[in-house]
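Hi,

Here is the structure I promised to pass on.

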Amino acid sequence: MNVAKNKVVLLTYQLSNDDGEILEDMLEEDPIALLHGHGNVIRGLEQALTGHQVGDEFDVVVEPLDGYGPRRDDQVRRLSKKYFNQPKRLKPGMQTTLQTDDGQRTVTVLKVGGKVVDVDLNHPLAGERLHFRVRIAEVRDATPAELSHGHAHADGHDHH
Ligand code: ZN
């Protein structure tokens, strides 16, 4: 069975940046399940999976526009410390999560002042060319519940 729209693909991966630095190494971990064709992962990776089958291992290079988007300079914000869970632990360069109207958002701390914090709202991987090594562990038909939810369910269980 080949990866196609409305199939569930289980895969493991390793993610590196342009410098060859490994950012995530999930190749030998339990596979993640994705419902193909529903935008469950960044577009560049989803497109590259199409047509592959169990056992395939391959490299995918994803440009920023098909990944986490370009880095934008106007995404730096000065926010009150009250928006942060543990303001005393904040240090420049660290990543932390903010609760926003759109859910949780990962931000990078730039500067910590007495009452305010400067953060970069860009996704940490915005502007990065992403290098994936992908291994396909399984391809199966989606269940009706998965199709109606628009995402894969672990082990095909329809409750979560
Ligand atoms: Zn669901």
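The accessible surface of the protein comes to about 9,800 Å², and carbon and sulfur atoms hold 47% of that. Those areas come from the Shrake-Rupley method with a 1.4 Å probe, and for residues only the protein chains shown count as cover.

Before you go further: this is a predicted model, where local features need pLDDT of at least 70 and side-chain atom pairs count only at pLDDT 80 or more, while totals for chains, interfaces and linings use all residues. Residues are numbered from 1 along each chain as its sequence is written, and side-chain values use heavy atoms, with hydrogens and water left out.

Now the overall picture. The C-alpha trace spans about 60 × 40 × 25 Å along its principal axes. The domain assignment (bounds from an automatic or database assignment) gives domain 1 as 7-68 + 126-149 and domain 2 as 73-120. Their C-alpha centres lie 29 Å apart.

You'll find two helices and nine strands, in the order β-β-β-α-β-β-β-β-β-β-α along the sequence. These are DSSP runs numbered from the N terminus: H or I with at least four residues for helices, E with at least two for strands.

Of the 160 residues, 36% are buried; that means under 20% relative accessible area, with exposed being over 50% and partly exposed in between (1.4 Å probe, protein chains only). As for contacts (heavy atoms within 4.5 Å), take those with a separation of 6 or more: 62% of them link residues 24 or more positions apart.

Start with Ser16, in strand S1 (residues 7-16). Is Ser16 buried or exposed? Its relative accessible area is 12%, so Ser16 counts as buried. Leaving out residues up to four places away in sequence, Ser16 touches Glu21, Ile22, Leu23, Arg129, Leu130 and His131. The C-alpha atoms of Ser16 and Phe132 are 6.5 Å apart, although 116 residues separate the two along the chain.

Then go to Asp118, in strand S8 (residues 116-120). Asp118 is buried because its relative accessible area is 12%. Which side chain does Asp118 join in a polar contact? Arg78, at 2.7 Å. A polar contact here is a pair of N or O atoms within 3.5 Å; within protein, one must be able to donate a hydrogen and the other to accept it, and residues adjacent in sequence count only if both atoms are side-chain atoms. Beyond four places in sequence, the contacts of Asp118 include Arg77, Thr108 and Lys111.

Cheers
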